[in-house]
Every structure is written in structure tokens, then in C-alpha cells.
Amino acid sequence: MPRPLWSGAISFGLVTIPVKLMSATEDRSVRFHQIHTEDLGRVRVRKFCEAEDREVSAGEIGKGYEVSKDTLVAVTDEELEQMPLPTAKAIEIVAFVPAASIDPVRLSGDSYFLQYDGPVAAKPYVLIARALARNTKVAVAKLAWHGRERLVLLRVRDGALIAHVLKWDDEVRDPSELAPKETKVADSEIDEALQLVDSMTTDDISGYQDEHRKALEAVIEGKAEGRQPPKPSTEAEEPGGKVVDLMAALQESVRKAQAARGEDAGDAEVHEMPTAEKKTARKTAGKAPTEKTAATKKPARRQRGA
């Protein structure tokens, strides 16, 4: 496991659980250096002071907040650490909420494991972990860290507590203006979309890999060994044009999804695009026949009896 990034305690009512915070994920992205293309020399970013027009060292650099144009207020690390916050050394649980009530857009992407700190912390740690595991609720807590107070979600994974950093309410933008206005979608199209959802449903996403990173690593490995980069595949499908028939696109998507899962795509239920006559027949189904509908059905009965 990586080294601890923070140490403190979980505050759960009158229960205190000493813990250490450590990253639960790692960034596997391929990183590049900036280079001078003519001689492959490294390009460095140097920090200069505008007032003295000279390069400054890391020890000379501090934090400043722009109060107004041309006016900066210096804030030291000591002042940030000494702010009177109750969450400075504690993860204070403030509420328990249903897990389904947390909007995924509030998840910042930063996740951390909480490791119990010392033998005394083991029992209360297991207590809260099992309490969370036995219901559908998650804990919401506050944590002061890296110069700001954060809202975190606590849940259990394989017996260990894990913290997900949440966005505050005022950090989530209102998307109401982005939704299409007055767009009609037929019930049959929604049914077909639901069938596509069912055909693509799975309980395990562990098999997915970063194909871009794998291809990039192959390019780097080849160039490092003096080989030409692999040529792009010519079998990739070209992106389709404008979708004219939404229902047909949904049906084809269902067939492809079923084929990818090894199911018999020929057994898929295919719905025809509803025509005006079929819509009318569907509306009148189950109702007492009117004179008009009775008159149209009589010839059909004579044909069956012929």
C-alpha cells in the first residue's frame, strides 16, 4: 500500500477511531516530458518573480489571494494549518443517507482508503464498517485537508472503509438549460431502448482495459527499440452518418449486443415502426367496437369462413 497522506480520527458520535488516509487509486496514464525536437533536450519551466525579474527557488514561493486588481494578500501555510476548524484532524460524520441519493456528478474522482491506526482502533473500525455493510446507507463526513474543508462519502469495500471526495452543492452547475425542449419520443422507441439496456446489462466491468494506453505503450516500446510504430488497423468501422430511422438503429443495436454476449440474435423481438393504422388499432383494442370498426371487421370474418 502507498504511504499515508493524512492521519487523524473518524468522529462517530462519541466514538473516535484513529485512522490513516491513503490513496485508493493510481493514475496509469502515460506521461510525456517536453523536449526540444531538434536535439531532444529537456525543456524546463522556470519560475520568475515579476517584480525583480529573476528566477526564484521553491522556498521563496508562497500563496497569495487577489483581493482586487493589483492587490494581493499573502497567506502562509502556518495560517492555513492554524485555522480553527473542528475537522482539522478529524473526519467528522455529519449524517447517514441512502446510497442511491448521492448524485454521481458530485463524486470528484478522488478516492482514499481509511486504515485503522493501532490495535485500539480495530474494534470501533470494524463496528462502523459492519454497520454500513448491513444497510443501504452511506456516511457523509467533513474533512479539512490541503487548505480547504471537504465533504466526503464513507462506504465499505471488502471490509475496509473507503472515502470518496464529494463536490459541494454550489460546485455543481445547473444543467436544466442543456436538456432538449419539447422533444417527443414514442413509447415503442423507449421500449426498444429498454431492451437494449437489458441486452447490455452486466454485473462485472473488470474486463475493460485502457486500449489507448496499450496502443501508446506499443508505439513507445517500438520506437525505443528502433522499430517502426505499428500501423493502424484497417478493420475499424467508419462512424455512421446521420441516423434517420431511430427505431431501426435501436433494433440493430440490440442484435449486435446480443451477438456480442453470445446470444441468438435471431430470437430478438423485433418491433415494426408503428403506422397510423396500427396506432389506431392499438387505441381501440379492448374497447367495444363502434359501427365503423364493426363494419370493417365483417369482411375479414367472411374471408376466414370462405
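**Local features of a predicted model**

Good morning. I begin with Glu189, which touches Leu246, Met247 and Leu250, leaving out residues up to four places away in sequence; contact here means heavy atoms within 4.5 Å. This is a predicted model, in which local features need pLDDT of at least 70 and side-chain atom pairs count only at pLDDT 80 or more, while totals for chains, interfaces and linings use all residues. Residues are numbered from 1 along each chain as its sequence is written, and side-chain values use heavy atoms, with hydrogens and water left out.

Glu189 sits in helix α3, residues 187–199; helices (H or I, at least four residues) and strands (E, at least two) are DSSP runs, numbered from the N terminus. Because its relative accessibility is 15%, Glu189 counts as buried; buried means under 20% relative accessible area, exposed over 50%, and partly exposed in between, with a 1.4 Å probe and protein chains only. The Glu189 side chain also reaches the backbone nitrogen of Ala186 at 3.1 Å.

I turn next to helix α4. After α4 comes Gly226, with a positive phi near 80 degrees.

Finally, Gly159 lies in the loop between β12 (148–157) and β13 (160–166). Beyond its neighbours within four places in sequence, Gly159 is in contact with Tyr125 and Ala129. Gly159 and Ala133 are 26 residues apart in sequence, and their C-alpha atoms are 8.2 Å apart in space.

Note on methods: Polar contact = N/O pair within 3.5 Å; in protein donor to acceptor, adjacent residues only side chain to side chain.
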